[in-house]
Amino acid sequence: MGYRVEVDFDLCESNAICMQIAPEVFEVRDDDFLYILAEEPGGDLRAQVEESVQRCPKQAISIAEG
Amino acid sequence: MRTAETLRKEGFDGNIHLVGDEPHLPYDRPPLSKQILSGDWDLERVALTDPAKDDELSLEWHLGDKATQLSVEEKIVSLDSGTDLSFDGLVIATGARCISLRMAGDLEGIYTLRGLDDALAIRSELEATPQKVVVVGAGFIGAEVAATARQRGLEVTMIEAAEVPFERVLGPEMGTVTADVHRDHGVEVITGVAVESFKGNRRVEKVILEDGTEIEADLVIVGIGVKPNTEWLEGSGLTLDNGVLCDDSCEAAPAIVAAGDVARWPNRLFNENMRVEHWDNAVEQGVFVARRLLAGKSNTESYSPTPWFWTDQFDRKIQLAGRTRSTDEIRIVTGSIEERRFATAYGREGKLVGILGFNRPRHVMQYKQMIADGTSWEDAIAHAEQQAS
């Protein structure tokens, strides 16, 4: 089943934890902002995205199923 | 909470009991010294669970009750209320509590900050607009409280017994930069002198330093560190040594694991018995020990994370990854101290062991990965030079 990565940018503080866990999905660039590289990264990256959701210090990442 | 979630996710369908001495359901602590104290956030935003999630996980709560005794042999935890809980697996996650200053006595207006109730009490004190706030101890919590109070427009003095704040962790040079951020924002930072006593009639009025200096104060927050909550385990047969001593897989005894601020274990990556007081470790270790319990004896994987934490001080996001000491070699790998936006690498015994970032999350994460990979100090410096060119 497909899923979508969502980030609440009002909460995100660019701690970049997600970037370390799932570099194919998240990138914090030199401007200090987080960019989502793959909004629908697919099943192979699901475990990494789930870990990012859990480890985000601001709880800013969520997964929308569908 | 993280452990319970993981146990369910991994398919454990037995009973899970959660015991906590606070009356509250689990909540997230980092915002307590930041958004909760500043008044920016409501309480609901720190909750780690809600009724729906609770139902789904099917947990049995023992709140406002505390574990008072453990029998390793019989596999029983006794609670203050008289309840005995028998278990097949036990996770010790009793955390740590603030060290308080004995000379504070019964004076009102002196607080430590650890739990939700502490944060709410301090917040209502701050809302009453005290004239003069004194923070004792320039650790990261103390510094966050000082920054939050200052940002509310209050007059703030921070007192640190060491010559340089944060010196033990960041080293003298980087510790000074951190203290300077506070000075830039109008916090008075006094270092190299300890607190002798407090004066006041019912409520605190003055803080007396060892050199005789008297500082006016109508609100004092003490942040001089924490100690692990292990008293209830005395006589249990577990080894207690500034925490519950575990093996490298976080097991303290068969079917008994420990996680979070209370656990001490040998981290193979740094060849050091460590106890980590950071949010990120509590999450990661909580997940790890759940899997460890379910795997039983078959799991021989060791827990070797690179510790990481962040702290918000005024408009600076300070992040530190690794295990730094004041005697480490340091090198600024990007940015400059003047612009207060930089990253500093820490090296020891030929290895990259830490990275400190001031508003440099991207670099911190790159170097954190290099630490986890066991990168040599030489290679780390070469990497920095290559990036700079």
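Student: How many bridges join strand β22 of chain B to strand β23 of chain B, and do the two run parallel or antiparallel?

Tutor: Strands of a sheet pair through backbone hydrogen bonds, either parallel or antiparallel. Here β22 (residues 308-313) and β23 (residues 316-322) of chain B run antiparallel and are joined by 6 bridges, where pairing requires that DSSP finds at least two bridges between two strands, and where strands (E, at least two residues) and helices (H or I, at least four) are DSSP runs numbered from the N terminus. This is a predicted model, in which local features need pLDDT of at least 70 and side-chain atom pairs count only at pLDDT 80 or more, while totals for chains, interfaces and linings use all residues. Residues are numbered from 1 along each chain as its sequence is written, and chains are lettered from A and ligands numbered from 1 in the order in which they are written.

Student: Which residue of β23(B) stands opposite Trp308(B), and what do β22(B) and β23(B) form?

Tutor: Ala321(B) in β23(B) stands opposite Trp308(B). The two strands, β22(B) and β23(B), form a hairpin with 2 residues between them, and Phe314(B) in its turn has a positive phi of about 55°.

Student: What is the order of the strands in the open sheet of 3 strands in chain B?

Tutor: The order is β17-β20-β21 in chain B, and the pairing is mixed. Because β17 (244-245) and β21 (272-274) of chain B stand at the edges with a single partner strand each, one side of each is left without a neighbour in the sheet. The pairing of β17(B) with β20 (residues 263-267) of chain B is parallel, over 2 bridges, and Ala263(B) in β20(B) is the bridge partner of Val244(B).

Student: Into which domains is chain B divided?

Tutor: Chain B has domain 1 (2-97 + 227-298), domain 2 (100-224) and domain 3 (315-388), with bounds that come from an automatic or database domain assignment. The C-alpha centres of domain 1 and domain 2 of chain B lie 30 Å apart. Their contact takes 11 residues from domain 1 of chain B and 14 residues from domain 2 of chain B, counting two residues as in contact if their C-beta atoms, placed from the backbone, lie within 7 Å. Helix α2 (residues 35-38) of chain B gives the most to the domain 1 side of this contact, with 3 residues.

Student: How many residues does the contact take from chain B and from chain A?

Tutor: The contact between the chains takes 13 residues from chain B and 13 residues from chain A. On the side of chain B that touches chain A, α7 (279-295) and α8 (361-372) of chain B each supply at least two residues, and α8(B) gives the most, with 6 residues.
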